Amino acid sequence: MFGVLLVNLGTPDAPDAPSVRRFLKQFLSDPRVVDLSPWIWKPILNGIILNTRPAKVAKLYQSIWWDEGSPLMVISQRQRQKLAAELSSLYGHEVPVELGMSYGSPSLSQGLENLKAQGIDRVVVLPLYPQYSCSTVASVFDGVAGVLKSWRRLPDWRMVREYYRHPLYIRALADSVRRLWEADGKAELLLMSFHGVPLRYITEGDPYQAQCQETARLVAKELGLGNDEWQVCFQSRFGKEEWLTPYTDELLESLPGKGVKKVDIMCPAFSADCLETLEEIAEGGKESFIHAGGEQYRVISCLNDDDGHIRLLAELVREQSLGWQVG
């Protein structure tokens, strides 16, 4: 019997400084996320960052927190429920789906233990990161392997590494844009803002940048856009190191001066709306663009629990489970 571990980054349990501090400590202690020498990084993390950032970040979370809880967690639960229903319809019987977050709760360990308690001996691990990066997908691999090394009996497990050019993913993204344009018309420029990574990661062999560019190219092709009608940019940089460019915030500030007054923006690397999309892009990005002279700024939501997105996730599970007896 097989089940699915649906994985995302995670979220603080509450929009307060203690919860954010616990979350940031776990997140920023992952060597896949920050690969500096611990002798250099730990004093900075524990002595400076964890004493200054939690209160500031908590205020940002407060600005986007929903009545039901963290947007990322609420959406992830909806995704889990709808994916379980879709797989049940596909296979004709229940396929357990559990959440496991790389950081915070429910943890990867909790998700795997929940599957184990249901008699699961084969697991499809599905990280909700379309483009591969060592800081995301590889971290999930490390986390799952770290949990399983303590199990007496190992399950058979397979992991989705990437799906940046999967036809159902590209179609779902393009359809989300079409729905806006069919209702309210097209802007002058479609921005596709991906989460950034340090440029050094790319020079050391991480394929993330190329995969982001390919996703954007395929979406633009699906929408029939000319080269001057879309652009890729990168958000959420952290620290002083050079990250992938162009930076989303700087690009938004520069566009009105170049005559681009109406933009639509989407975040294809994010499978669920979260702090980086709801606050950084929807709120901060709009403020920057309008303040610089922009006139219209529209945000296209992440795929979230959209039916097309759920069909994609179910297909990814089906592809990974080929050859397994599914009963």
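A salt bridge is a side-chain nitrogen of Lys or Arg within 4 Å of a carboxyl oxygen of Asp or Glu. Asp35, Arg200, Glu204 and Glu241 are linked in a network of such bridges. The model is predicted, so local features need pLDDT of at least 70 and side-chain atom pairs count only at pLDDT 80 or more, while totals for chains, interfaces and linings use all residues. Residues are numbered from 1 along each chain as its sequence is written, and side-chain values use heavy atoms, leaving out hydrogens and water.

Across the whole structure, a search finds 18 salt bridges. One of them joins Asp142 to Arg32, with the closest N and O atoms 2.7 Å apart. Asp142 lies in helix 5 (residues 137–148) and Arg32 in the loop between helix 1 (17–28) and helix 2, so this pair ties together parts 110 residues apart in sequence. Helices here are DSSP runs of H or I with at least four residues, numbered from the N terminus.

Another salt bridge is formed by Asp121 and Arg122, at 3.1 Å from N to O. Is each partner buried (under 20% relative accessible area), exposed (over 50%) or partly exposed (in between), judged with a 1.4 Å probe and protein chains only? Asp121 is partly exposed at 34%, whereas Arg122 is buried at 14%.

Trp39, in helix 2 (residues 38–64), is exposed, with a relative accessible area of 78%.

The last topic is helix packing. The axes of helix 6 (residues 167–184) and helix 8 (residues 208–223) come within 9 Å. Arg80, for its part, lies in helix 3 (residues 71–91) and is partly exposed at 21%.

Notes. Helix = DSSP H or I, 4+ residues; strand = E, 2+ residues; numbered from the N terminus. Axes fitted to C-alpha atoms, helices over the stretch in contact; angles between N-to-C directions.
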